[in-house]
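Reader: I would like to learn how to read a protein model feature by feature. Where do we begin?

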Amino acid sequence: MPLRHLVLPLRDAARNLAAEEALFRTLAPGHPGLFLLWRNEPAVIVGRHQCVPDEVGTARAAAEGVPVVRRITGGGAVCHDAGTLCFSRIANDAGMGPAFAPLLVPVTQALADVGVAARLTGRNDLEAEGRKISGSAQFRSGGRLLVHGTLLINADLSRLGRLLTPPTEKRHSHGVASVRGRVANVAEFWAAGTTMADLEAALLARCAPEAAEKPAGLDVMAELLAQRKYRNPEWNLGALPPAARSVARRFPWGTVELRLEFRDGRIRSARVTGDFFSDDGVETLEQRLEGCPAGAVRTALENLSWERLFLGCEPGTMREFFISAVGGDT
């Protein structure tokens with residue numbers, strides 16, 4: 001059964017992310033699923049597991065009045081503004097692993113309808129003429145799947161270059177000198193005379209032609225969740241514990257960094273950050289490490305669902321990475 005669509009009318013990043021999460025958490029079993037379209041005023045949206053100071057020029061963002069908001073999906077930081085079109089797919093799903101194609105294939109078809117030859121590259125990007133025009137992220141919980149992404153239509157790319165500060169090794173992995181050099185606006189490629197409304201209509205036609213009825217109480221749920229979570233500095237900025245050791249590695253599917261503090265031969269605190277995707281969240285892994293003697297890490301990390309912790313990983317490789325990063329037994 002085809003998805004049903006909702007267009008979110010507000011342009012408040014915290015409120016829209018809250019509405020998206022509320023719809024995700026309350027999707028009924030058997031529901032055909034939802035396709036959302038929405039836009040935000042300028043905001044930096046960071047991935048669930050990212051360390052904000054490593055990824056965002058927070059002082060400059062504050063000076064420009066641009067909020068930093070953390071989403072529930074993994075992946076990397078992005079800039080939103082009125083020239084960025086956001087889209088979401090919310091569905092019942094009992095699978096595991098990356099699930100981008102069911103959303104991104106019809107998105108590429110909609111782009112083709114307005115004259116843009118786009119293709120899926122890597123794990124979650126869309127490119128046109130070799131430049132990135134869209135990135136996506138995903139999250140599973142409670143038998144439901146959320147996949148969402150952005151399309152740069154006529155976004156302020158100079159803001160993106162000013163506010164995003166990804167690690168040098170990530171930029172080098174893409175073969176470019178800056179964030180700005182890798183991306184492009186869809187408006188550079190679409191047919192003459194095309195408008196944002198034309199693309200929105202094409203996306204709805206391809207992804208979810210039938211409108212959904214807005215759930216009763218959605219506005220109240222979204223505002224409460226925005227106040228409690230998406231406008232909360234503790235959620236958005238996520239203060240890191242002190243780290244005596246920090247070990248990072250870039251894998252084909254994302255970057256993982258382990259930050260550790262030790263006391264009396266045991267791990268006092270462990271924090272896993274990065275732009276990876278996770279179906280389970282990494283809290284279970286962090287809890288396994290905290291309080292563990294350095295020499296007992298191998299045993300502590302047995303029987304973890306590595307494929308759910310880090311989507312796309314090779315389980316043995318990840319286990320050995322963490323053992324080596326801690327400096328435990330080999």
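Reader: Which residues in α1 are buried?

Author: First, the basis: this is a predicted model, in which local features need pLDDT of at least 70, side-chain atom pairs count only at pLDDT 80 or more, and totals for chains, interfaces and linings use all residues. Residues are numbered from 1 along each chain as its sequence is written, and side-chain values use heavy atoms, with hydrogens and water left out. Buried means under 20% relative accessible area, exposed over 50%, and partly exposed in between, with a 1.4 Å probe and protein chains only. Helices (H or I, at least four residues) and strands (E, at least two) are DSSP runs, numbered from the N terminus. In α1 the buried residues are Ala13, Ala14, Arg15, Asn16, Leu17, Ala18, Ala19, Glu20, Glu21, Ala22, Leu23 and Phe24. That makes twelve of the 14 residues of α1, which is mostly covered.

Reader: What does a side-chain oxygen of Asp12 reach at the start of α1?

Author: It comes to within 3.0 Å of the backbone nitrogen of Ala14.

Reader: How many disulfides are there?

Author: A disulfide is a pair of cysteine sulfur atoms within 2.5 Å. The count by this rule is zero. Cys51 is in none, as the nearest cysteine sulfur, in Cys79, is 17 Å away. For Cys86 the closest cysteine sulfur is also that of Cys79, at 12 Å, which is too far for a bond. Cys51 counts as buried because its relative accessibility is 7%, and Cys86 is buried with a relative accessible area of 1%.

Reader: Which residues have the most contacts inside the largest nonpolar core?

Author: In soluble globular proteins, nonpolar side chains tend to be buried together. A nonpolar core here is a set of buried Ala, Val, Leu, Ile, Met, Phe, Trp, Tyr and Cys residues joined through side-chain atoms within 4.5 Å. The largest has 36 residues, and Phe35, Leu111, Val116, Ile133 and Leu151 have the most contacts inside it. Several elements each supply at least two residues of this core, including β2 (34-38), α4 (101-113) and β10 (144-152). The most comes from α7, with six residues. Another core, apart from this one, has 28 residues, among them Ala14, Leu17, Leu36 and Leu146.

Reader: In what order do the strands of the open sheet run?

Author: Strands of a sheet pair through backbone hydrogen bonds, either parallel or antiparallel. Two strands count as paired if DSSP finds at least two bridges between them. Here eight strands form an open sheet with mixed pairing, in the order β7-β8-β9-β10-β6-β2-β1-β11. The edges are β7 (118-121) and β11 (210-211); each has a single partner strand, so one side of each is left without a neighbour in the sheet.

Reader: Which strands form a hairpin with three residues between them?

Author: These are β7 and β8, and Gly122 in the turn has a positive phi of about 60 degrees. The two strands run antiparallel, joined by four bridges, and Arg119 stands opposite Glu127 in β8. Next, β8 and β9 form a hairpin with two residues between them, where Ala128 stands opposite Arg131 in β9.

Definitions and conventions. Polar contact = N/O pair within 3.5 Å; in protein donor to acceptor, adjacent residues only side chain to side chain.
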